[in-house]
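Student: Can we go through this model together? Please start with the ground rules.

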Amino acid sequence: FFTNPLLSGLHHSMAGTVLALWQKVLGDICPVLKDPEALTAVIDLFEQHVRQTYPQVELIVGLDARGFLFGPLLAQRLGVGFVLIRKKGKLPGPTQSVGYTLEYGMAEAEIQEDAIDAGQKVIIIDDLLATGGTLYAACELLKKQSAEVLGCMVLIELKDLNGAERVKPSPLFSLVQY
Ligand code: PRP
Ligand code: MG
């Protein structure tokens with residue numbers, strides 16, 4: 001592991017929190033969800049980053065399925081709404097969709113046609129960045145909706161797969177990298 005330089009300015013106790021998180025996640029979010037203090041720490045860190053960097057945020061957009069575990073908690077802390085991007089065929093009403101490549105094969109991500117007003121400032125959240133295919137599709141969908149994507153946030157970033165490159169020009173923020 002190495003720490004996110006954006007987190008280096010954190011209060012000392014928060015730096016300790018990040019260290020504790022490293023030991024907990026190790027590529028698996030389940031232990032974090034099971035431990036209320038760890039889950040609070042995760043949301044604290046996301047919240048602190050958003051308040052410092054994107055105070056103008058208007059909506060949090062979460063990705064099916066594991067982005068739904070963190071997104072609504074963060075949105076509620078920030079006092080903003082939460083919007084779902086789902087896998088194909090799950091959302092009611094008219095939708096827009098974008099195809100994306102997975103390690104093996106293709107998938108489609110969807111958003112409700114009227115989910116976002118043109119120009120709304122959004123942050124996308126998911127649990128993990130691997131190849132970046134999923135977040136890339138989300139960025140494309142939000143572009144179609146004329147949203148302004150302020151940034152993308154994940155709990156875990158697998159650095160070797162260079163997923164951050166696919167998300168550009170949207171900045172990526174990750175709590176834990178390895
Ligand atoms: C996993 C993970 C991320 C995505 C990252 O989702 O939750 O969303 O893969 O991979 P990528 O960067 O290569 O696109 P997955 O669709 O496998 O499962 P989920 O429905 O449990 O979130
Ligand atoms: Mg996922």
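Tutor: First, a definition: two strands pair if DSSP finds at least two bridges between them. Helices (H or I, at least four residues) and strands (E, at least two) are DSSP runs, numbered from the N terminus. The model is predicted: local features need pLDDT of at least 70, side-chain atom pairs count only at pLDDT 80 or more, and totals for chains, interfaces and linings use all residues. Residues are numbered from 1 along each chain as its sequence is written, while chains are lettered from A and ligands numbered from 1 in the order in which they are written.

Student: Which residue in β5 does Ile-60 stand opposite?

Tutor: Ile-123. β1 and β5 pair in the parallel sense, over 4 bridges.

Student: And how many bridges link β1 and β2?

Tutor: There are 5, again in the parallel sense. Leu-59 has Gly-81 of β2 as its bridge partner.

Student: Is β1 buried or exposed?

Tutor: Buried means 20 or more other C-beta atoms, placed from the backbone, within 10 Å of the residue's own. In β1 (residues 59-63), 5 of the 5 residues are buried, so the strand is largely enclosed by the rest of the structure. Leu-59, Val-61 and Leu-63 cover one side, with Ile-60 and Gly-62 on the other.

Student: New topic. How many residues surround ligand 1?

Tutor: 14, counting a residue if its C-beta atom, placed from the backbone, lies within 6 Å. Ala-65, Ala-130, Thr-131, Gly-133 and Thr-134 are the closest.

Student: Which element gives the most to that shell?

Tutor: β5, with 4 residues.

Notes. A residue is buried if 20 or more other C-beta atoms lie within 10 Å of its own, exposed if 12 or fewer, and partly exposed in between; C-beta atoms are placed from the backbone.
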